[in-house]
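Reader: Could you walk me through this protein, please?
Author: Gladly, let's look at it together.

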Amino acid sequence: MGSRGCLRCGRYPELTWNAKLLTTAGLTHYKKVTRSSGVSEYHARIELSTKVLDTAEKLEGTLIHEMCHAAAWLVDHCAKPPHGAVFKKWASKAMAGRDIRPNADKSLLSPEGICTVPSRER
Ligand SMILES: [Zn+2]
């Protein structure tokens, strides 16, 4: 990811690998910080499992999936329901925007087993 972040909002999610995620492929953590000025900032952090993501297909599908969660939060400020209409809007944009591997789209569109309900950090 470049330092410019999202072309629309200028922000970008933090991305880390986590060797302790054993059954979950990826997670997106949300954070909202309200400054004393009253202005709210939205942050997102994506964690990817080094154990679960053992093929390029799984990595690709999961990364795009989590990026859709991050976009729903950073751009639309929407985290609930986690795989609701806002998430699906971003997922369909991701599917339309590029060629993804045949098995990666399965990961992207069927969240069951890919990610648990994203946690929220304060
Ligand atoms: Zn998800």
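**Reading the fold**

Author: Read along the sequence, the protein follows the pattern β-β-β-α-α-α-β, where helices (H or I, at least four residues) and strands (E, at least two) are DSSP runs numbered from the N terminus. This is a predicted model, in which local features need pLDDT of at least 70, side-chain atom pairs count only at pLDDT 80 or more, and totals for chains, interfaces and linings use all residues. Residues are numbered from 1 along each chain as its sequence is written.

Reader: In which sense do strands S2 and S3 pair, and over how many bridges?
Author: Strands pair if DSSP finds at least two bridges between them. S2 covers residues 26-34 and S3 covers residues 40-49. Their pairing is antiparallel, and the number of bridges is nine.

Reader: Which residue takes a positive phi in the hairpin of S2 and S3?
Author: Thr-34 stands opposite Ser-40 in S3. The hairpin has five residues between the strands, and the one with a positive phi, near 95 degrees, is Gly-38.

Reader: Is His-77 buried or exposed?
Author: His-77 lies in the loop between H1 and H2, and has a positive phi of about 55 degrees although it is not a glycine. A residue is buried if 20 or more other C-beta atoms, placed from the backbone, lie within 10 Å of its own, exposed if 12 or fewer, and partly exposed in between. Because His-77 has 12 C-beta neighbours inside 10 Å, it counts as exposed.

Reader: What is the omega of the peptide bond from Lys-80 to Pro-81?
Author: Pro-81 sits in the loop between helix H1 (56-74) and helix H2 (85-97). The bond from Lys-80 is cis, with omega near -15 degrees.
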